[in-house]
Amino acid sequence: MSNFRLSAQLAAHEADVRDVCFPAPDLVLSASRDHTVRAWSRTAPSPPAFEPHITTQGSEFVNSLTCLPPSAAFPRGLVVSAGTDSIIDVRSIAASPSDNAERLLVGHAQNVCALAVVPGSKFIVSGSWDSTARVWSTENWEIQAVLEGHEGAVWDVLPLSEKLVVTGCADKSIRVFDLGKAVAGQVSPRSTIYTPDVVRALCQVPKGHPSGADMASASNDGIIRLWKISGQQVGELRGHTSFIYSLASLPSGELVSSGEDRTVRIWRGSECVQTITHPAISVWSVAACAANGDIVTGASDGVVRVFTRSGDRVASPETVAQFDESVKSSSIPQQQVGGVNKEKLPGPEFLKTKSGTKEGQVQMIREDDESVTAHQWSMAQQEWINVGTVVNAVGSSGRKVEYNGQSYDYVFDVAIEEGQPSLKLPYNLSENPYARAQKFIDDNELSQNFLDQVAQFIVSNTQGATIGQTSDTSSAPDPYGTESQNQTTGAASAPKLLPVRDYLDITAAKYEPMVKKILSVNSALVAAGRKGISLNPSSQNALHALKQALESNEPVTDDITIGLVIMMCTQWDYSDRVAPLDLLRCIATSTATAKFRSSGETGLVKIAIAAALEDVPEGSQPNENCAMMALRTIANLFKTAEGRKLVAQPSEASAAISFISRVVGIRGQPAIGPFNRNVLLALTTASINYAVLASKQLGSISADNQIRLASALALVLQKQTDPEVIYRALVAVGTLIPVIGKAAPEARSLSSSIKSARDRVSEARVQSIANECLSLF
């Protein structure tokens, strides 16, 4: 069977093409981050030419796409698309952006990243970052069922029949659903297949495949796994060197895949028989035309490409030459090829004397000008094909950015939530984006659901880094749809921020290890005969129920369970309190927890502080992690009106600000965790919340407490060097200054601390907020 060759390059999109569909030989559909869906109609057969028109024009990224077949009402069919606005748009393929949609399907809460038509076309299925898949009727456009049980983003959906739907999830699981088993519109999985990595793509395996598989899955580990519907794995396809984003089956019985290694790969049985390298960082999507076997791809360079095995549909020689040259001249970020020891690489003569051993094999070559090029072996052509120049590990500019005493190619400011201070994301081109994203999540204790978003933010903002280019990537699109919030260090200063008006919280948590630690301590207590403070079976059941409620974002309302958590925080040995305190700060966001009072009518602020400071072993200092969790508890209380009422009570506010002062080391006491970034971030977050409360509700915080808080923040500004800590402290101070009174001596005395911080930390946003603080005087 002949190789695929370029048939057409369709260029009109202005950003990444995230999904493609090939419903008929004369029609291609594409969805893009430029907020459009385009229909490409074939206007010439050989060489093929396509004419685009925009069917859908929105205001947010369009990330998923499918097509309903032609009908009497819609002779060309219906295009179904969705993206970060969470709304599914259904309209005629012949429509224009000014036309109304046939239907707008509302139900998902977050980005819709997968769409598919159920065989028979009576239903469509959607998958979303909101951890659900939904089934919609194409007759009345109502939700027919919600597919439950996912613990992460549903990255792909695969209808196998009118009743059987399979989902691929970020929680590393494949789930099989029987739509005939719906109860009150909800469907639980018939079975779950646990996989080693995040499941990004699914496809049906053609009947007669040598493996006997029913379906295939693709993951971030670069492996395609073949499965029976029973869950038995019957094969693996290895060849991709990075994340796989898309899978499709061909009429020939082969499979096709695309991914982060810039390639599309054709698989016959268990062998990769062709590798098609693209001049882009990511090949986001690949789809096949059932009628003629051609394939179409969508990539990060914004170009849609059609490939064919038919000699009648091959592109013109000029177009083919242009494509080959663009692949050859493209740059490859070093994270895609790993560490490269230039001194040990062979020279160009290797390409003339050595053959490859398998399709897609990559060989690095040290060129005469000392650059490093990548060459890929083609079994069909029996030659090495130049697929680009490897970008070095200094962002190709030779300039590094300093962060926490280390040098990085990039240091991004990432605003996870609008209105909250940004977090620092350092990155070197030699790193795996997912590894760095995972470290960022761990360092900042964010939800695991952010993993793919952060990794793709890194990819999007480092793609196209070529030789001689600077590391300013502020113009690149980001996957949050909030470009203005994410800027590279050194970008233009942000608009005026002060005074901030929103309360912050620190709620992301890893519930499984938290509960596991608590149960481990409890087992030791039971073994030691300390039944008075251990958890009996009913209490352990309550703990598991609490974990499930937190994982489902359900409010905590049970005083008995709240009392159980507080008992562990205050009565367990001091060395065993970190995990219970971690749990306490997680439930501090509920109204019931804010209302809870101990037997002595003590509120949660004082309870958390006592747990962190009391019963410290003689000769020891308070545990830094206990202090951090207590500060996070205080910060999270601002989440509810009842919590803000509690933290504003004079005795609770005085206790909280005294605790803040104690942690920073005022009045001669040793600081608690003076260089512990997590402690300092919790402290400055709680300080921001008190400053916001004082600003929004004048008189809620006494003048004395305002001044004491400002003094503690001044010490942070004088002693700390971490840019994020300094930034948050400046936000708190800048919000507090107008409340204290800019002419007041206590406020004016802050100027020297602000200037000191500004002089020590050169980061642009720190400079900007420091100058804004100084302008208040």
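I'll start with helix H12, residues 641–648, where the buried residues are Gly643, Leu646, Val647 and Ala648. Bear in mind that this is a predicted model.

What do those buried residues of H12 pack against? The partners are helices throughout: H9 (591–595), H10 (604–613), H11 (624–637), H13 (650–664) and H14 (677–696).

Next, the second largest pocket. Its space comes to about 1400 Å³. There are 49 residues lining this pocket, and those closest to its centre are Leu115, Ala116, Leu247, Ala248 and Ala287.

Which elements give two or more residues to that lining? On the strand side we have E2 (17–24), E6 (62–68), E10 (112–117), E14 (154–159), E19 (199–204), E23 (244–249) and E27 (283–288). Helix H4 (451–462) is also one of the contributors. Strand E2 gives the most, with 6 residues.

Where does Ala290 lie? It sits in the loop between E27 and strand E28 (295–299). Is Ala290 buried or exposed? Its relative accessible area is 68%, and the cut-off for exposed is over 50%, so Ala290 counts as exposed.

Methods. Residues are numbered from 1 along each chain as its sequence is written. This is a predicted model: local features need pLDDT of at least 70, side-chain atom pairs count only at pLDDT 80 or more; totals for chains, interfaces and linings use all residues. Side-chain values use heavy atoms; hydrogens and water are left out. On a 1 Å grid over the protein atoms alone, a cavity is a set of points where a 1.4 Å probe fits but cannot get out, and a pocket is an open set with protein on both sides within 12 Å along at least five of seven lines; lining residues have an atom within 4 Å of a point. Grid points are joined across faces, edges and corners, and a volume is the space filled by probe spheres set on the points. Helices (H or I, at least four residues) and strands (E, at least two) are DSSP runs, numbered from the N terminus. Buried means under 20% relative accessible area, exposed over 50%, partly exposed in between (1.4 Å probe, protein chains only). Contact means heavy atoms within 4.5 Å.
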